[in-house]
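This report describes one protein chain. Please look at the sequence and the structure below before reading on.

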Amino acid sequence: MRYKFIVVTFFVFFIQIPEGFAQVGMMVGTNYSNVRHDGLLGKTQGQMSLHLGANIEVVPIRGIPNLSLRTDLILVQKGYTPRLDGSRYRVNLDYGSFAPMVKYAIVEDFSIHSGVEFNRLMDSNVGDEITFRKNEKAVFFGVDLFNSKRLSFYSRASFGLTPVLDYYDIDPIEGIQGRISDLYTTTIMLGLQLNIHHEKIRF
C-alpha cells in the first residue's frame, strides 16, 4: 500500500504542472550487481544481468530549464554469486523498480541525477527456505550523456539502504537466538535511452 501511495502521489504531482515540459524515454542496458554483508556468506562475486524500462522527465519551473524531475519504471535483475562447499551458486533477484529523482543539466549534453529506488521483489531462483524481503530501498547517483539527442547514454550506481534477506541465528544447543537481517545490494547500471520526445514538450 505504501508503494502504491508513492506512485499515485508522483502521478498527481506531474499532472498538476500545466506550464511544465516533459520528455518520455525507453531504457535498456546491462548492470553489474553484488551484495554487502557482515561476513555470513564469506566472499561473494558479482554478476552481470540486464534491465529495461521507461521514464518521464518534467521541467517544473520554466525559469530553471536545467533542473528537472524524472521518474523511472524499471525491470531489473540484481543478485550475487556465493561460493558454498567449493561450488558457485548464482542468486537472481528480479525487481520492479520505481525510481523518482532530481536531474540537473550541467551543460546541454551532460547531466547528473540522484534519487531513491523503491524496489519490489517479483521473482527469485531461490527456494522458499531462504526468505528474501519483498521490498527494498536504495539510493542512487548517475550521469547522462547526449540528453538533447534521440539516443542518449546513462550510467548509475545504487546502494541498498535496507537489507534484502532475513534469517534466524540458530545456536546448536540453545536453538533460535533471534532474527537477523543482512545483505545490502550494490548495483552499477549502464545503458541506452531512446528519447521518444527528444526535445522538451509541453506537459
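Which residues does tyrosine 95 touch, not counting residues up to four places away in sequence? Tyrosine 95 touches Ile74, Leu75, Val76, Lys78, Asn119, Arg120, Leu121, Met122, Glu136 and Val164, where contact means heavy atoms within 4.5 Å.

## Basis of the model

This is a predicted model, in which local features need pLDDT of at least 70 and side-chain atom pairs count only at pLDDT 80 or more, while totals for chains, interfaces and linings use all residues. Residues are numbered from 1 along each chain as its sequence is written, and side-chain values use heavy atoms, with hydrogens and water left out.

## The chain as a whole

The protein chain has 1 helix and 14 strands; these are DSSP runs numbered from the N terminus, with helices (H or I) of at least four residues and strands (E) of at least two. Of its 203 residues, 40% count as buried, meaning under 20% relative accessible area, with exposed over 50% and partly exposed in between (1.4 Å probe, protein chains only).

Among contacts with a separation of 6 or more, 64% are between residues 24 or more positions apart.

## The nonpolar core

A nonpolar core is a set of buried Ala, Val, Leu, Ile, Met, Phe, Trp, Tyr and Cys residues joined through side-chain atoms within 4.5 Å. The largest one has 15 residues, and Tyr80, Leu93, Tyr95, Phe132 and Leu183 have the most contacts inside it. Strands β1, β4 (67-84) and β6 each give two or more residues to this core. In soluble globular proteins, nonpolar side chains tend to be buried together.

## Threonine 81 in β4

Threonine 81 lies in strand β4. It counts as buried because its relative accessible area is 10%. Its side chain makes a polar contact of 3.1 Å with the side chain of glutamine 47 (a pair of N or O atoms within 3.5 Å; within protein, one must be able to donate a hydrogen and the other to accept it, and residues adjacent in sequence count only if both atoms are side-chain atoms). Leaving aside neighbours within four places in sequence, threonine 81 is in contact with Thr44, Gln45, Gly46, Gln47, Arg88, Tyr89 and Arg90.

## Tyrosine 104 in β6

Strand β6 (residues 91-107) contains tyrosine 104, which is partly exposed because its relative accessible area is 38%. Beyond its neighbours within four places in sequence, tyrosine 104 is in contact with Asn66, Leu67, Phe110, Ser111 and Ile112. Tyrosine 104 and leucine 69 are 35 residues apart in sequence and 8.8 Å apart in space, C-alpha to C-alpha.
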